[in-house]
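Please consider the structure shown below. The paragraphs that follow lead from one chain to its neighbours.

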Amino acid sequence: MTTNEAAWLAVEEAPPERERLWRRLMASRSGRWGVILTAVVLGLGLLAAIGATPYDPISQRPIDRMQGPSAAYLFGTDQFGRDILSRSMAGVATSLQVAIVAVIISAVLGTTFGILSGFFGSRVRGPVNALTNILFAFPPLLLALALASVATRNWFTVAVAIAIVYIPIFVRVTRAPVLSLREADFIKAARVLGFPSQRILFRHLLPNIMPIVIVQVTLSMSWAVLTAAALSYLGLGTPPPTPALGSMVFEAKNLVAIAPWTMVAPGLVLIMFIVGLNLLGDGLRDALDPRNESHS
Amino acid sequence: MITSKRIARTVAEATVTLLGVAVLVFVMLRVLPGDQITASLGIEAGMMTEAQLDALRAYYGIDQPLVVQFLGWLTEVASGNLGFSQRTGQSVLEMTASSLPVTLELAILATLLGVLLGVPLGMLSASRPNSRRDGGAQLIGLAALSIPSFLLGALLLTLLARILRYNPNAMGFARPLEDLGLNLQQMMLPAIVLGFALAAPIMRTTRSAILEVKSQDFVRTAIGKGVSPLRVQVRHVLHNSLVPIVTMTGIQFGYLLGGAVVVEQIFSVPGIGRQFLIGMQQKEYAVVQSTVLVIALLFLIVNLLTDLLYRIIDPRVRTG
Amino acid sequence: MSDNLLEIEGMVVTLRSRRGDQEIVHGIDLRVQPGETLGVVGESGSGKTLTMLSVMRLLSPPLEMTHGSVHLEGLDLTALSEAEMRELRGSRVAMVYQDPMTSLNPLMRIGDQVVEAMTAHGVPKDEAWQRALATLARVEMPDPERMAKAYPHELSGGMRQRALIATALTMDPTLLIADEPTTALDVTIQRQILALVKHLSAESRMTTIWVTHDLGVIARLVDRVMVMYGGYVVEDAPVDQIFHAPQHPYTKRLLESLPNPTDDSRPPLAQIPGRPPLPSENIEGCPFRPRCDEARDACMTRPELEPREAGRAACWVPVDEWR
């Protein structure tokens, strides 16, 4: 660190401390429940990912088909004798895989473009604007559908499809604060002092828009899970035999009159997941808002 | 003043965007290995010789370079020819003319329901923030946001169909002019499902808009004049909250045009979303291309209209 | 003296919060005679605006008037129902606010906003519109007919403030409260508005309370001045006495800090070192003690208002003992 930077860092605005953030998050009701629900669902998914489900989600056991909830099968079995609970857990793992990858891609690309287009002038902003306008011209679900159907069906292409839809949202969400931060004294000082642009962007600008990015990441996770499920409901998601929550609901639709439990587990898990993520996003937004500092 | 210069600029921007959309759609559909011919012929394609397939390709013009194909398609669209379905032979224009009004009807009904549910809930929430009333309303909003439409739709459909033996959607779709009663019955469930989902963002926007306006000085001025509480709520608070509410409603309405796909599928409503889906499933590129273009165009128009509406509500923007 | 137009006794305004309640206005008394113009002077945070809002019962949570009484022409305002209070607001007692841009509904025409003050009290629409135009003319609004059809953002700051004044005056209130109506305006416009209000209140023998932080503004405007500091009244005297023989060190410092390029005996831009206390800083004794040149040991006990010359002041130290 140069002496210039050291002296100047003392004047820089400080991002919120992590420990206080956690406490604030847990203090609000939505934050608390968001963390709990999301943790529970994440736990289920992780268990499935390491293979720790009660039964193998894929193998069929025709002898035990169409059984209601019992001690052996907590949420019953489907028409192939597969344990619904285990399948739901595996479905969560699938959703997680798709959603996390989708959100990482869109967050990284979207934030980068957003920062670049906010920080540098019209040379960058023009083309970025044009591109985001084009993507914004599609209703989101439709775009994801279209993208997912044109490529070979596997979980990665579904993730990419969802990512592409969300990139412009990250661009828009990060561009605005960057535009205003650009005029902030500490950034202007940095430029005048001759700091290389890269450094300014990554070490000084990025930490200050992190809160916004974090909240958006949580909210896009929730949309990603929802969309991935909708896609798999329509048969356009991860191909079988990998269990997916949406396709489970689809199959359950025809069975629900005689076997209602087939829809309960995947439906409940899905709702819990999305609710948890939404609450978490709300809680994070409140916790990260500097105006709420005085409340703790 | 909405100058003609502004209108021209907005139209120009929209045209460029639409062009970009066309390019994107066109390119997307040709990413898949195996072309339209092999896809639509299915098994038969395997029985043909390469020469025969080439002849077919030449006939349909898909052996030309992409750019040529694209420009060719654009000129066709500009002259009103949106292509044909290879299977049914029907022109896409005809198909769209039949499916688009269906989706519009659904979107309008759903938006109405969403607003009727969302705005009052939002006002209720905002009247006493952080109270139990607020918490309850927000819970409903959260539920609406988090229950996927396909889940709710599937649930409601099977519940009514299997248990109450009521399934108007099982019969052929009725047009409003032919049989309004049946049409409305068929639209009811899908509109409820979509409207419920829409109510969530509208409620949120209403709540935050009202909270923000409530604390502004001019509300205090109105109370200080002795104006009745009802009038303060409506003429001062609600009126000034309208802009974000209307904007959000417009956006949500736009989303419905394409986003109703899943619900249309579940309830067998022959709307434009379903047209797109079936086109995708059967690899009918001509249908898909033009359908997406139409949807994108509509979406842009809805956004423009929302923008216009918001300028009418807020005179401050007119001079901008 | 029960022939006062407005009588406030022991008013306490509290800020309620989950962490505990905080008093902001500490039990003040205020009396205004009919036809009098009273100036209430104090820095930001002195509680002057809150006091006025309490009179009109315009305080909203978490602020609340927790003690005290307010009588308007003998009527106990704190005992009225909300509906009864509503009848009084805008008709018998009216207020003009500080920032005319934010105090006017941006989506309503000026004329409609003036009319609203009348229709809220049962005046029929046509008559209200006529009276609105007349009032706009009275506040020296050029071309009232055209202005009435305009929206707030189309008007200049001075015009907007005239519109606000028109809204307040149009029902001929008995009491007008003007809360720093010129603070948000340019200096030249300030003088115009000041002259206007002075003229209007003289013309109609209306009782006026003028709230400000700037002692200079009210020199030729008011009959009597009440000085507030830290939520207390520290001096209350006729305007001449305030300016020529202040009885409280704070008042003296306020006078000294008025810019005066011609007086060589003091610095051109004097300041009072330090800052006014926050409500949470419960200062022991006299609230001005930390910044006061005359502070003695006795000041650790808060002085009450005692008669001083033609008015009252809350200070242990007599003027002839000042340094």
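**A guided reading of the three chains**

In chain B, 41% of the 320 residues count as buried; a residue is buried if 20 or more other C-beta atoms lie within 10 Å of its own, exposed if 12 or fewer, and partly exposed in between, with C-beta atoms placed from the backbone. This is a predicted model, in which local features need pLDDT of at least 70 and side-chain atom pairs count only at pLDDT 80 or more, while totals for chains, interfaces and linings use all residues. Residues are numbered from 1 along each chain as its sequence is written, and chains are lettered from A and ligands numbered from 1 in the order in which they are written.

Chain B contains 15 helices and 0 strands; helices (H or I, at least four residues) and strands (E, at least two) are DSSP runs, numbered from the N terminus. Among its contacts between residues at least 6 apart in sequence, 72% join residues at least 24 apart, where two residues are in contact if their C-beta atoms, placed from the backbone, lie within 7 Å.

Two packed helices are described by the angle between their axes and the distance between the axes. In chain B, helix H8 (residues 149-163) and helix H9 (residues 180-214) pack at about 145 degrees, and their axes are 10 Å apart. Such axes are lines fitted to C-alpha atoms, for helices over the stretch in contact, and angles run from 0 to 180 degrees between N-to-C directions. H8(B) and H9(B) make a right-handed crossing; a crossing is right-handed if the near helix is turned clockwise from the far one by less than a right angle, and left-handed if anticlockwise. From H8(B), the residues Ser149(B), Leu152(B), Gly153(B), Leu156(B) and Leu157(B) meet Leu189(B), Val193(B), Leu194(B), Phe196(B) and Ala197(B) of H9(B). The contact of H8(B) with H9(B) comprises 8 nonpolar residues, 2 polar and no charged. Here Ala, Val, Leu, Ile, Met, Phe, Trp, Tyr, Cys and Pro count as nonpolar, Asp, Glu, Lys and Arg as charged, and the others, Gly among them, as polar.

How do the chains meet? Of the 2 pairs of chains in contact, chains A and B share the most contacts. On this interface, 35 residues of chain B are in contact with 31 residues of chain A. Elements giving two or more residues to this side of chain B include helix H1 (4-29), helix H7 (132-146) and helix H14 (285-313) of chain B. H1(B) gives the most, with 7 residues. The side of chain B that touches chain A divides into 26 nonpolar, 8 polar and 1 charged residues.

Within chain A, helix H4 (residues 84-119) has 36 residues and should span 52 Å at 1.5 Å a residue; its end C-alpha atoms are 50 Å apart, which agrees. The expected span is 1.5 Å times one less than the number of residues. Because 26 of the 36 residues of H4(A) are buried, this helix is largely enclosed by the rest of the structure.

Chain C does not touch chain A, and the nearest C-alpha atoms of the two are 9 Å apart. With chain B the contact involves 18 residues of chain B and 23 residues of chain C. Helix H10 (217-224), H11 and helix H15 (315-318) of chain B each supply at least two residues of this side of chain B, and the largest share, 7 residues, comes from H10(B). The side of chain B that touches chain C divides into 5 nonpolar, 8 polar and 5 charged residues.

Chain C contains an open sheet of 4 strands in the order E2-E1-E4-E5, with antiparallel pairing; two strands pair if DSSP finds at least two bridges between them. Its edge strands are E2 (22-32) and E5 (75-76) of chain C, each of which pairs on one side only. Strand E1 (residues 6-15) of chain C is joined to E2(C) by 8 bridges, and the two run antiparallel. Val13(C) stands opposite Val25(C) in E2(C), and Glu7(C) has Arg31(C) in E2(C) as its bridge partner. E1(C) and E2(C) form a hairpin with 6 residues between them, and Gly20(C) in the turn has a positive phi of about 130 degrees. Helix H1 (residues 48-55) of chain C lies across E1, E2 and strand E4 (63-72) of chain C, running at about 115 degrees to E1(C).

A further open sheet in chain C has 8 strands in the order E6-E7-E8-E3-E9-E10-E12-E11, with mixed pairing. Strand E6 (93-96) and strand E11 (306-308) of chain C are its edge strands, and the twist averages 25 degrees from one strand to the next. E11(C) and strand E12 (residues 311-313) of chain C pair in the antiparallel sense over 3 bridges.
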